[in-house]
Amino acid sequence: MVTLVAHLTDLHFGGPPAARARADLALDHLLALDPAPDLLLVTGDIADHGSAEEYAEARTVLARWPGPVLVGTGNHDVRDEFARKLLAREGEGPLDQVLDLPAARFLMLDSLVTAPPGERIDHGELTDGSLAWLDARLAEDDRPAYVCLHHPPVEIGVDLMDPIRLREPERLAAVLQRHPHHAATLVGHAHTQCATTFAGRPLLVGGGVASTVPLDAEPFPVVWQAAAPTIAFHLLHDDGRLTTHWRALP
């Protein structure tokens, strides 16, 4: 049996003019799959400014998905509005979450750094509490575990994104290396589809729904809104392997 995860990231409702249409296009594509993915994973930047109206629009689009969904925060999100509108809970403290499927466990970390009202902090951080929570969740279950967060913990060779990656990634790596059933880390934020490694396991960046950030050497805008929305499909095999396909939508 193969478990299929559909991975979206960086929807930015309320930002680019076409954000809603691009998100609907991604959901249209996923809803047409037969069989359907086992999980919809969304790794942050749901809203562009973190307003209640943006989250209400996001909720309308994401509610089209009939199956399990795991949605995390990004640097453009505002924790209290995110929590109320998307999780139906209060937003105090990191919004770390766990979702279990029969063959795997998905652990979503909240790497959003709280900013004063009307401001935004773009790099990511994990609290001591989040790291302790992750360590405990990994210790209590030996199924393959996929750790998800918004900010990549390593440089990926893009000048716009590398300075605003996760700070102190060695603290996260120390936790992950204690648990050999950690299978991969799944992130967003960079608006580019890429694969590398972290803590001895795959690190997979989902790409962007709202826009793409190309390589510095490419002859495209720094934030390329005309690029196709992208989806990552992660196939979790019974033998523990992970296969990822990236799809750019026409």
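Biologist: Which hand does the crossing of α2 and α3 have, left-handed or right-handed?

Modeller: The crossing of α2 and α3 is right-handed; a crossing counts as left-handed if the near helix is turned anticlockwise from the far one by less than a right angle, and as right-handed if clockwise. Helix and strand names follow DSSP runs (H or I of at least four residues for helices, E of at least two for strands), numbered from the N terminus. The model is predicted, and local features need pLDDT of at least 70, side-chain atom pairs count only at pLDDT 80 or more, while totals for chains, interfaces and linings use all residues. Residues are numbered from 1 along each chain as its sequence is written, and side-chain values use heavy atoms, with hydrogens and water left out.

Biologist: At what angle do α2 and α3 pack, and how far apart are their axes?

Modeller: Two packed helices are described by the angle between their axes and the distance between the axes. Here α2 (residues 52-62) packs against α3 (residues 79-87) at about 30°, with 9 Å between the axes, which makes α2 roughly parallel to α3. Axes are lines fitted to C-alpha atoms, for helices over the stretch in contact, and angles run from 0 to 180 degrees between N-to-C directions; under 35 degrees is roughly parallel, over 145 roughly antiparallel, 65 to 115 roughly perpendicular, and the rest oblique. The contact (heavy atoms within 4.5 Å) is made by Ala52, Tyr55 and Arg59 of α2 together with Glu81, Phe82, Lys85 and Leu86 of α3.

Biologist: How many strands form the open sheet that contains β1 and β10, and in what order do they stand?

Modeller: Strands of a sheet pair through backbone hydrogen bonds, either parallel or antiparallel. Two strands pair if DSSP finds at least two bridges between them, and in this open sheet five strands follow the order β3-β2-β1-β10-β11, with mixed pairing. β3 (69-72) and β11 (242-248) are the edge strands, each pairing on one side only, and neighbouring strands of the sheet are turned by 20° against each other on average, direction ignored. Within the sheet, β1 and β10 (residues 230-236) pair in the antiparallel sense over five bridges, and Ala6 stands opposite Phe233 in β10.

Biologist: In what order do the strands of the six-stranded sheet stand?

Modeller: That open sheet, also of mixed pairing, has the order β4-β5-β6-β7-β9-β8. β7 and β9 (residues 201-206) pair in the parallel sense over three bridges, and Leu186 has Leu204 as its bridge partner in β9. Helix α5 lies across β6, β7 and β8, and runs at about 65° to β8.

Biologist: Which residues have a positive phi although they are not glycines, and are they buried or exposed?

Modeller: His12 is one of them, with a phi of about 55°, and it lies in the loop between β1 (3-8) and α1. His12 has 5% relative accessibility and therefore counts as buried, the classes being buried under 20% relative accessible area, exposed over 50% and partly exposed in between (1.4 Å probe, protein chains only). His191 also has a positive phi of about 55°; His191 is found in the loop between β7 (182-187) and β8 (193-198), and at 8% relative accessibility it counts as buried.

Biologist: Where does a cis peptide bond occur?

Modeller: A cis peptide bond joins Asp34 and Pro35, with omega about 5°, and Pro35 lies in the loop between α1 (19-31) and β2 (39-43).
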